[in-house]
Amino acid sequence: MSAAPPPDTATPMEATPEQEPWIDEIHEGVRYGLAGRVVCEERSSFQRVTIIESARYGKGLLLDGCWMTAERQERHYHEALVHPALCGAERIERVLVIGGGDGGTARECLRHPDVRHLDLVEIDGLVVAWSQSHLAAIGAGCWTDPRLRLTVGDGIAWVREAPDASYDVVIVDGSDPAGPAEGLFNRAFFEHCRRLLRPGGVFATQSESPEAFRQVHLDTVALLREVFSRADPLYGWVPMYPSGWWSWTFAALDGPRYLEARPERAAAVAAGCEIWSPRWQRGAFAAMPAFVERALAAASPAP
Ligand code: SPD
């Protein structure tokens, strides 16, 4: 799949936001909200799933009242999670995505022509079904791409049971560490992800906000540094997430090969990106806030 999804630059508002109710994620006494309407909402076996429509960012998805994605800002998140990993790994034939039921991460992975097979393992079938029907622009062609194999199932069990060295890239696109995603942030899970990597492989995970989830962020990076010897967070923005300031963390078996994008891989995707570029990536890895640098240095020696 080579076509890039439409730009997620916000378009002028077509409705007066004051005329619509606010849809908020409330986190530690702060509301992160969009004016919009609820399109549908249902409790699945795992969580409350909500599809909304807003004038500012288009249609979006919340899980248990927390923002996951929206049509006109999802590229901030998905490009940052995917391209440092896929432009850094030695090979990218086999990719595993845990979570990511909206399809945005798979879509970005499949823009790389060297990806031959992608396992997408999402625990909640309702998230996939509603993303396919209501948020089709986010998954774009991923759902019909013959390289994609979708499994609705438990990603934690998947990484436990998959053979050693079976993937070139492992990407974790889960929600916050509560509910079904809680087990995506612990040592046993990360050790399995490491075990699944082939030589030259890269691991990537969303690693929460350095502001709104400061301790989770620090603990996640520190734990990945223990499991992989080295791990590097990259900092960017997802406007509707708590604080808007977000992070993604990368690790590899053989050193920080994800820090610099391989030119031939970058060339295949950069023109279709809204946010990511090799230059943006360098700056985003360099943009570690001072308090994180100090806390990580105190937790373990610098990589
Ligand atoms: N606080 C929100 C964290 C959500 C991370 N995953 C989003 C899914 C987008 N594919």
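How many salt bridges does the structure hold, counting each side-chain nitrogen of Lys or Arg within 4 Å of a carboxyl oxygen of Asp or Glu? The count comes to 19 salt bridges, and we will return to several of them below. This is a predicted model, in which local features need pLDDT of at least 70 and side-chain atom pairs count only at pLDDT 80 or more, while totals for chains, interfaces and linings use all residues. Residues are numbered from 1 along each chain as its sequence is written, and side-chain values use heavy atoms, with hydrogens and water left out.

**The nonpolar cores**

Let us start inside. A nonpolar core here is a set of buried Ala, Val, Leu, Ile, Met, Phe, Trp, Tyr and Cys residues joined through side-chain atoms within 4.5 Å. Buried stands for under 20% relative accessible area, exposed for over 50%, and partly exposed for values in between (1.4 Å probe, protein chains only). The largest such core has 52 residues, and W67, L86, L118, I171 and W248 touch the most other members. Helix α1 (residues 74-86) gives the most to this core, with 6 residues; helices (H or I, at least four residues) and strands (E, at least two) are DSSP runs, numbered from the N terminus. Leaving aside residues up to four places away in sequence, I171 is in contact (heavy atoms within 4.5 Å) with L81, V82, L86, L96, V97, I98, T105, C109 and A204. A second, separate core of 23 residues includes V172, C193, L224 and A251.

**Helix α9**

Now have a look at helix α9 (residues 278-286), whose buried residues are W280, Q281, A284 and F285. These four cover an arc of only 130° around the axis, which puts them on the same side of α9; the arc is that of the directions from the helix axis to the C-beta atoms. This buried set packs against α1, β11 (232-237) and β12 (245-252). On the face turned away from the buried side, α9 carries the exposed residues R279 and A286.

**Aromatic rings**

There are 11 aromatic pairs in the structure. Rings of Phe, Tyr and Trp (its six-membered ring) pair if their centres lie within 6.5 Å, and planes under 30 degrees apart count as stacked, over 60 as edge-to-face and the rest as tilted. F250 and F285 have ring centres 5.6 Å apart and planes at 70°, so the pair is edge-to-face. It links distant parts of the chain, with F250 in strand β12 and F285 in helix α9, 35 residues apart. F250 is buried at 0% relative accessibility, and F285 is buried at 11%. Elsewhere, Y77, F213, Y241, W246 and W248 form one aromatic cluster.

**Salt bridges**

| Side chains | N to O distance |
|---|---|
| R31 and D24 | 2.7 Å |
| R149 and D119 | 2.8 Å |
| R147 and D145 | 2.8 Å |

R149 lies in strand β8 (residues 148-152) and D119 in strand β7 (residues 117-122), so their pair ties together parts that are 30 residues apart in sequence. R149 is partly exposed at 41% relative accessibility, whereas D119 is buried at 0%. R147 and D145 are both buried. R31, in turn, is exposed, with a relative accessible area of 59%.
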